[in-house]
Amino acid sequence: MSFKIDRGLFKYDFIDHHAVLCVPVDADVKEIRKRYLQIARRLHPDSSFTESDEQKQLGNELLSKLVNPAYEKLVGDRTRTEYILILSQIGKRLLQESTSVTLNTDLGKQLAQTPNLDRVYKSAIAKLAQTQYDSLEQVLQVIAQVSELNLVYLMRSASKSSSSPPPVQPKVQSGTPQPNTPKNLPPEPAPPKEDSVVEQYVRRAQSLIDKNQFAQAKVELQDALKLEPKNSHCHSLIAMVYLKQNQLKMAKIHFDNALKLDPNDERALQWKPKIDKALGQQSSDHKVTSSPNNGDKLPDKSSSGGLFGGLFGGKKK
């Protein structure tokens with residue numbers, strides 16, 4: 001499927017990756033990564049949002065042809081620097097050709113006139129981001145609308161500092177010190193931003209675990225690990241889910257992973273020795289009583305409530 005957009009910056013044979021992700025043109029890498037994870041989760045084939053086969057296919061194509069390339073372009077230091085340099089030059093060129101620029105949306109016209117450029121621009125981008133991928137059939141129209149806002153913002157930024165260095169470039173280069181950081185971009189105390197999407201999975205999983213809904217909790221944590229495979233907390237928590245489901249070998253694998261990533265993980269340190277001991281006992285029991293088809297499952301009968309019951313301190317009445 002071809003995704004053709006002919007408004008905003010796209011009209012000038014330029015692929016507006018910021019518009020695809022619906023982030024401001026001065027967004028830093030953490031903000032870009034956070035937004036990408038939100039969209040990737042939205043478009044994932046297993047998402048309840050994409051129920052029909054047609055929706056799954058469209059979502060997959062949007063992800064592979066638009067979203068992933070945009071993220072790769074904006075998250076790499078070299079490619080982002082080159083891209084932002086081109087953006088600033090486009091802003092200057094459009095300023096010179098402003099009489100030929102046509103605005104199609106009310107938001108674009110409002111941004112062209114407002115005295116509060118930064119506030120109105122970022123507020124509009126944030127609002128559009130909330131529903132950008134709600135209707136997959138309308139995604140291209142929303143991207144075009146965001147790109148028009150980016151066009152206006154670049155033109156007005158260029159007009160404000162025509163004799164100074166390109167205004168957009170220093171705002172985006174998050175790898176270098178920025179003495180004049182915009183007020184509504186958080187300074188340094190916000191590293192957890194990029195983990196917020198994964199943390200949402202973890203919170204939902206913990207809530208499901210508290211309700212003994214282990215199968216659903218496992219799905220949430222598996223999705224979290226797809227996005228962040230080196231999250232020790234996710235490995236440790238999904239190990240507990242497998243433990244609750246009496247799948248000791250899978251629990252051991254994830255506790256091992258948790259300890260490799262974080263040797264001080266308290267949950268893994270507490271339960272892994274018990275699982276190792278239980279698996280040793282299970283192995284000896286299988287020699288006498290178990291068939292090869294039992295897999296990870298523990299024997300059903302034990303005078304002390306089974307190995308699983310023993311691990312959690314249960315007693316058989």
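Analyst: Axes here are lines fitted to C-alpha atoms, for helices over the stretch in contact, and angles run from 0 to 180 degrees between N-to-C directions. Helices are DSSP runs (H or I, at least four residues), numbered from the N terminus. The model is predicted: local features need pLDDT of at least 70, side-chain atom pairs count only at pLDDT 80 or more, and totals for chains, interfaces and linings use all residues. Residues are numbered from 1 along each chain as its sequence is written, and side-chain values use heavy atoms, with hydrogens and water left out.

User: OK, at what angle do α4 and α7 pack?
Analyst: About 80 degrees, with the axes of α4 (residues 77-96) and α7 (residues 139-160) 8 Å apart. The two helices are therefore roughly perpendicular (65 to 115 degrees).

User: Which residues make the contact?
Analyst: From α4, Leu-87, Gly-91, Lys-92, Leu-94 and Leu-95; from α7, Leu-151, Leu-154, Met-155, Ala-158 and Ser-159. Contact means heavy atoms within 4.5 Å.

User: Switching topic, what's the average pLDDT of the chain?
Analyst: The average is 79, and 75% of the residues score at least 70. pLDDT is the predictor's confidence in each residue, from 0 to 100.

User: And which helix has the lowest mean?
Analyst: Helix α8 (residues 169-172), at 33, while helix α1 (residues 17-21) has the highest, 95. Over residues 163-196 the pLDDT is below 50, though the model gives that stretch 44 contacts beyond near neighbours in sequence.

Notes: Angles under 35 degrees count as roughly parallel, over 145 as roughly antiparallel, 65 to 115 as roughly perpendicular and the rest as oblique.
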